[in-house]
Amino acid sequence: MKHPLRNSTALAALLVAGLTPVALPAPASAAPSGLQGDFNGDGYRDVALGASFATVGGQARAGQVAVVYGTANGLNAAKHQLISQNTAGIPGEAEKEDRFGDQIATADLNRDGYSDLVVGAQHEKSGSAEDAGTVVIVWGSKNGLSGGTTVKNPQTLYGSYFGLSIAAADFTGDGKPDLAISAQSDTQNPSSWRVRLIRGPFTKSGSTGRVSSYSPGIDRPVLTPGRVSGDTKADLVVTGQKPGGDHLATAVYYKGTPDGIGKAASLRAASTAAIGDLNKDGFGDIVLGNPEEPADDPSGSTGGKIHVIYGTSSGPSATHRVTLSQNTTGVPDSSEEEDHFGEALAIGDFDKDGYGDLAVGASGESFGDDSHYVPFAGAITLLHGSSSGLTTTRAVFLTQDSPGVPGATEGADGFGHTLLASDVNRDGHADLTAIADGENDPEGAAWFLPGASSTLYSQTASTTFGPTKVGLPAGRYSDFGGELAG
């Protein structure tokens, strides 16, 4: 699952060699906000965009992360920062195929009031062990992100891919955010994937709480945190593939406990997930995305579909469940092959009515007919939350031809490839950051769509920026925004 900027003091230590990003200002107040995703504590949430295919220091696909700092006007790409393993204070060095930034997450891991950035590079080499993987914490401060600490890999193996997926949340309810990290534990057995829970607090010297290991029974597990049961402990949804090499989707739910996480329920087949309160009953609801075609996975549906599983005090409901596709009454457009409806999901209160709303990405959405066909342009569907849960009433269908959305619908743009909901401009509306990975092929681009009443997005204040605006080179594919966090 899951994605900001500032005002006036230069951070020379954060400049990437060969680039000259704008100086980053310090916040006006000395007291940090404590908001998730607010790396410099000024009260505005920031957005990190992974660019794991970026070339760094001549090393292809070494990877880096672009950070855009939040302001009262939302995202302003002129205020940005690039972080790689060649950045001063960041452990390691940029090497070919590391893919630094292919997973990112945020939390205040050392509890100093500033949100920290967690970055995975699952292909990092450790000694002679190729693809052992690494996870690095980049620390927040009043001047933004600076300095980093490696999270100890408890089992450094060839092909362990430590950092395949990362979730940051307080799973034990003790007030100290933890990290859940996917990795393989036996490279001779491709079905030996584990989820390791590393308890907080975390320190800049590298100390952590104790580590536990769990077997989800899922290959290549992807981790989505959120509070489903309404208590102080975060829960975990794990999506991925059934063991056996058939690439069939599956999902399970882990409940947070004072001692860690406990496997509690099997869910519907899915490859993506989001958690949020759609009906304002105090419990987090789980939305699962299955964008696969039936020919690829028997659990799939033409064009893709989503499952909504409502939360209760004991976890996901066994009976209050709904499945929607673009053929569901009230959902805009119709289901067509390769739409990939459900490929990306984000939940936030875009209209500020107290109910979580849902954004669904369909990056394969095509338009037109034989006389003018625009393939794989992409679209985003916005669905309102309500007292009865997710509703298709007043649904919004967003493309680059929608009112106020910058750009124009073009083939292979992939609009809606990645999504993040977060209140960047501190107006009480969740805002949507969206990626079109094929925009201006091969560069990709990001859209900042501020939340608004009724329409769920602002038709007057939405903006877009490409990777060159944050210091990445023109005409290169970098997987810009392949992961979002904030």
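Guide: A polar contact is a pair of N or O atoms within 3.5 Å; within protein, one must be able to donate a hydrogen and the other to accept it, and residues adjacent in sequence count only if both atoms are side-chain atoms. Please keep in mind that this is a predicted model, in which local features need pLDDT of at least 70 and side-chain atom pairs count only at pLDDT 80 or more, while totals for chains, interfaces and linings use all residues. Residues are numbered from 1 along each chain as its sequence is written, and side-chain values use heavy atoms, with hydrogens and water left out.

Visitor: Which backbone oxygen does the side chain of H80 reach at 3.4 Å?

Guide: At that distance the side chain of H80 reaches the backbone oxygen of K469. A polar atom of the H80 side chain also lies 2.8 Å from the backbone oxygen of A77. H80 itself belongs to strand β3, which covers residues 74-83; strands here are DSSP runs of E with at least two residues, numbered from the N terminus.

Visitor: Is H80 buried or exposed?

Guide: H80 has a relative accessible area of 8% and is therefore buried, a word that means under 20%, with exposed meaning over 50% and partly exposed in between (1.4 Å probe, protein chains only).

Visitor: How many residues of strand β17 are buried?

Guide: In a regular strand the side chains alternate between the two faces of the sheet. Strand β17, made of residues 285-290, is mostly covered, with six of its six residues buried. On one side are D285, V287 and G289, and on the other are I286, L288 and N290, so that both faces are covered.

Visitor: Which strands pair with β17?

Guide: Two strands pair if DSSP finds at least two bridges between them. Strand β16, residues 272-276, runs antiparallel to β17 and is joined to it by five bridges; within this pairing, A274 stands opposite V287. Strand β18, residues 305-312, also pairs with β17 in the antiparallel sense, over five bridges, and there H307 is the bridge partner of L288.

Visitor: How many salt bridges does the structure hold?

Guide: Side chains of opposite charge can pair when their charged atoms come close. For a salt bridge, a side-chain nitrogen of Lys or Arg must lie within 4 Å of a carboxyl oxygen of Asp or Glu, and the structure holds five of them. One of these joins the side chains of K125 and E130, at 3.7 Å from N to O. K125 is partly exposed, with a relative accessible area of 38%, and E130 is partly exposed as well, at 36%.

Visitor: Where do D259 and R210 lie, and what does the pair tie together?

Guide: The side chains of D259 and R210 meet in a salt bridge at 2.5 Å, N to O. D259 lies in the loop between β14 (249-257) and β15 (260-266), and R210 in the loop between β10 (193-198) and β11 (211-214), so the pair ties together parts that are 49 residues apart in sequence. D259 counts as exposed, at 51% relative accessibility, whereas R210 is partly exposed, with 46%.

Visitor: Which residues do salt bridges that share partners join into one network?

Guide: Let us begin with K255 and D231, whose side chains meet in a salt bridge at 3.7 Å, N to O. This pair links distant parts of the chain, 24 residues apart: K255 is in strand β14, and D231 is in the loop between β12 (219-226) and β13 (235-241). K255 is partly exposed at 22% relative accessible area, and D231 counts as partly exposed at 25%. Salt bridges that share partners then join D231, K233 and K255 into one network.

Definitions and conventions. Helices (H or I, at least four residues) and strands (E, at least two) are DSSP runs, numbered from the N terminus.
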